[in-house]
Amino acid sequence: MKTLSIDIRKADPHDAEAIAGVHHDAWVGAYAGLIPHTALNSMLSRRGVQWWEKAIRRAASVLVVEIDGDVVGYATLGRNRAHDLPQDGEIYELYLLPEYQGIGLGTRLFKAARDRLKAHGLSGLVVWALEDNEGARAFYEGAGGRDVAEGVEIFD
């Protein structure tokens with residue numbers, strides 16, 4: 001029997017390539033059919049390795065979840081960008097490789113992100129999800145989230 005190690009930690013620049021891969025695969029899995037193909041490909045092409053290296057270096061809070069040293073998910077978080085909402089924190093993104101979804105890693109990563117926001121003195125948090133992304137909505141509702149605001153995102 002093999003024992004796997006699962007760690008959640010702050011990302012560093014050497015994780016950029018793995019995060020870019022998770023970002024690509026998770027977004028294709030989550031948004032193919034929800035976001036028009038051309039717009040999705042354009043969004044994906046902007047988030048390569050160099051983009052992630054810069055994001056990690058410029059003090060963006062990026063957490064990774066790794067299994068036996070392989071990055072299989074990430075979360076980005078910080079101050080709430082929707083100033084008309086009362087929550088202080090925001091989880092900007094939380095994604096796992098599709099093959100690692102549904103086994104509890106997202107819940108662990110969400111908790112770690114929530115704890116990190118609290119540790120930085122940010123109370124409450126906001127997460128945005130596309131209305132048609134039923135998987136994301138179910139995940140956040142299962143974590144106690146509720147629909148409190150709507151925004152408009154135009155693709156293409």
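This briefing covers the nonpolar core, helix packing and selected loop residues of the structure above. The model is predicted. Its largest nonpolar core holds 39 residues. α1 (16-31) gives the largest share of this core, seven residues. α1 also packs against α2 (37-45) at an angle of about 160 degrees, and against α3 (49-57) at about 115 degrees.

**Nonpolar core**

- Six residues touch the most other members of the largest core: Ile-19, Trp-27, Trp-52, Tyr-74, Leu-94 and Leu-109.
- From α1 come seven core residues, the largest share.
- Leu-109 has contacts at Ile-8, at Leu-63 and Val-65, at Gly-73, Tyr-74 and Ala-75, and at Leu-94, Tyr-95 and Leu-96, leaving aside residues up to four places away in sequence.

**Helix α2**

- The buried residues of α2 are Ala-39, Leu-40, Met-43 and Leu-44.
- Viewed down the axis of α2, these buried residues fall within an arc of 135 degrees, so they line one face of the helix.
- His-37, Thr-38 and Ser-45 are exposed on the other side of α2.
- The cover over the buried residues of α2 includes α1.

**Packing of α1 and α2**

- The axes of α1 and α2 are 10 Å apart, and the packing angle is about 160 degrees.
- The two helices are therefore roughly antiparallel to each other, since angles over 145 degrees count as such.
- α1 and α2 cross in a right-handed sense.
- On the α1 side, the contact uses His-23, His-24, Trp-27, Val-28 and Tyr-31. On the α2 side, it uses Leu-40, Met-43 and Leu-44.
- Leu-40, Met-43 and Leu-44 are also buried residues of α2.

**Helix α3**

- Trp-52, Ala-55 and Ile-56 are the buried residues of α3.
- Around the axis they cover an arc of only 95 degrees, which puts them on the same side of α3.
- Gln-50, Lys-54 and Arg-57 are exposed on the other side of α3.
- Cover for the buried residues of α3 includes α1, β2, β3 and β4.
- Ala-59 follows α3 and has a positive phi, near 70 degrees.

**Packing of α1 and α3**

- α1 and α3 meet at an angle of about 115 degrees, with their axes 8 Å apart.
- The crossing of α1 past α3 is right-handed.
- α1 brings Ala-16, Glu-17, Ile-19, Ala-20 and His-23 to the contact. α3 brings Val-49, Trp-52, Glu-53 and Ile-56.
- Trp-52 and Ile-56, in this contact, also belong to the buried residues of α3.
- His-23 of α1 takes part in the contact with α3, and also in the contact with α2.

- Asp-15 sits in the loop between β1 (6-10) and α1.
- Asp-15 is buried, with a relative accessible area of 3%. The cut-off for buried is under 20%.
- Asp-15 touches Arg-9, Val-64 and Val-71, again leaving aside residues up to four places away in sequence.
- From Asp-15 to Ala-39 is 24 residues along the chain, and their C-alpha atoms are separated by 26 Å.
- Asp-68 lies in the loop between β2 and β3. Its phi is positive, near 45 degrees.
- Most residues other than glycine have a negative phi.
- Asp-68 counts as partly exposed, at 34% relative accessibility.

**The loop between β5 and α5**

- Both Trp-128 and Asn-133 are in the loop between β5 (125-126) and α5.
- Asn-133 is buried, with a relative accessible area of 10%.
- Asn-133 touches Ala-30, Tyr-31 and Leu-34, not counting residues up to four places away in sequence.
- Tyr-31, touched by Asn-133, is also one of the α1 residues in contact with α2.
- Trp-128 is partly exposed, with a relative accessible area of 38%.
- Trp-128 touches Ala-82, Leu-85 and Glu-90, together with Ala-149, Glu-150 and Gly-151, not counting residues up to four places away in sequence.
- Trp-128 and Glu-150 are 22 residues apart in sequence, with C-alpha atoms 8.6 Å apart in space.

Definitions and conventions
Residues numbered from 1 in each chain as written. Predicted model: local features only at pLDDT ≥ 70, side-chain atom pairs only at ≥ 80, totals over all residues. Heavy atoms only, no water. Core = buried A, V, L, I, M, F, W, Y, C linked by side-chain atoms within 4.5 Å. Buried < 20%, exposed > 50% of the residue type's maximum accessible area, 1.4 Å probe, protein only. Helix = DSSP H or I, 4+ residues; strand = E, 2+ residues; numbered from the N terminus. Contact = heavy atoms within 4.5 Å. Arc of directions from axis to C-beta. Axes fitted to C-alpha atoms, helices over the stretch in contact; angles between N-to-C directions. Parallel < 35°, antiparallel > 145°, perpendicular 65-115°, else oblique. Left-handed = near helix turned anticlockwise from the far one by under 90°.
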